[in-house]
Amino acid sequence: MSAYDSAHETTVLDLEVETYRRPESVIEPLLYHRWSPRAMSGEALSDDEVQRLFEAARWAPSSQNGQPWRFVYARRGTDDWPRFVSWLVEFNQMWAPSAGLLVVIASRTVFDNGKPCGTHSFDAGAAWQNLALQGRAMGLVVHAMGGFNAEAARVGIGLPEDFAVEAMVAVGRPAPVDVLPERMRKQEHPNARRPIAELVSEGRYREPSADP
């Protein structure tokens, strides 16, 4: 139990998701209850929690079962932490240091036989989604970021040349919205999605604005 739980304070994950999101069909609630807050308490994650996140990620599907995803992480308060934080853009450095874990996600661009893996990013995305859903089920904040220096991260973690850097992720315990800088607070809620009609078409691609 976190300090915020024991104080009975409302955290970002206590927001009523249905106020902001209305599925068009009946689906598993976990899918639309997952969102990307920034408000975190700075508390540590246990070894078991970290293991469970990556266990979920490892069961993702992949082309030819190549499993191209790789995760390199740092815990808050360790010697590695300042390096991981330094790769983030200025905006993300305003909130992500309150995470308990920072993760670099990479993907191997070739199969074990050396042939190109055209789906390496797609497959790593599936693993990321597993991690994100598992984190939400555990009551954690999980927020992926594209705002970081990918080349600095590559060098910093010693990534081989046949890997691509995909994203960074902040994971932590939820906190009240007011821990964030004021400029971020109004955006700290689940966002909506485009309607299915704008995203899906049968037979041929159709621009959303085109007539049926």
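Guide: What follows is a walk through the sheet, then its helices, loops and salt bridges. Before we start, residues are numbered from 1 along each chain as its sequence is written, and side-chain values use heavy atoms, with hydrogens and water left out. The model is predicted, so local features need pLDDT of at least 70 and side-chain atom pairs count only at pLDDT 80 or more, while totals for chains, interfaces and linings use all residues.

Let us begin with the sheet itself. Four strands make an open sheet with antiparallel pairing, in the order β1-β2-β4-β3. Strands here are DSSP runs of E with at least two residues, helices are runs of H or I with at least four, and both are numbered from the N terminus. Two strands count as paired if DSSP finds at least two bridges between them. At the edges sit β1 and β3 (141-145), each of which pairs on one side only. Ignoring direction, neighbouring strands of this sheet are turned by 25° against each other on average. Such angles use axes fitted as lines to C-alpha atoms, for helices over the stretch in contact, and run from 0 to 180 degrees between N-to-C directions. As background, strands of a sheet pair through backbone hydrogen bonds, in a parallel or an antiparallel way.

Now go across the sheet, pair by pair. Seven bridges link β1 with β2 (residues 101-108) in the antiparallel sense, and here Arg70 faces Ala106 in β2. The next pair, β2 and β4, also runs antiparallel and is joined by eight bridges; Val103 stands opposite Val169 in β4. Five bridges then connect β3 to β4, again antiparallel, with Ala144 opposite Val169. As for cover, nine of the 10 residues of β4 are buried, where buried means under 20% relative accessible area, exposed over 50%, and partly exposed in between (1.4 Å probe, protein chains only).

Helix α3 touches β1, β2 and β4, and its direction makes about 165° with that of β1; contact means heavy atoms within 4.5 Å. Helix α7 touches β1, β2 and β4 as well, its direction making about 90° with that of β4.

With a relative accessible area of 13%, Arg154 is buried. Leaving out residues up to four places away in sequence, Arg154 touches Leu159, Pro160, Glu161, Phe163, Ala164 and Val165. One of these, Pro160, lies in the loop between α7 (150-157) and β4 (163-172). Pro160 counts as partly exposed because its relative accessibility is 41%. Its C-alpha atom is 17 Å from that of Asn149, 11 residues away along the chain.

Helix α3 has a pair to look at too: Asp48 and Arg52 both lie in it, four residues apart, about one turn of the helix. Their side chains form a salt bridge at 3.8 Å, N to O; a salt bridge is a side-chain nitrogen of Lys or Arg within 4 Å of a carboxyl oxygen of Asp or Glu. Asp48 is partly exposed at 45% relative accessibility, and Arg52 is partly exposed at 37%. The structure holds nine salt bridges. Another joins Arg83 to Asp80, with the closest N and O atoms 2.8 Å apart, and a further one joins Glu198 to Arg194 at 3.5 Å, N to O. Shared partners also link Arg108, Asp112 and Asp162 into one network of salt bridges.

Finally, turn to the loop between α3 (47-58) and β1 (69-75), where Gln64 is placed. Most residues other than glycine have a negative phi. Gln64, however, has a positive phi near 55°, and Gln67, in that loop, has a positive phi of about 50° although it is not a glycine. Gln64 is exposed, with a relative accessible area of 65%, whereas Gln67 is partly exposed at 33%.
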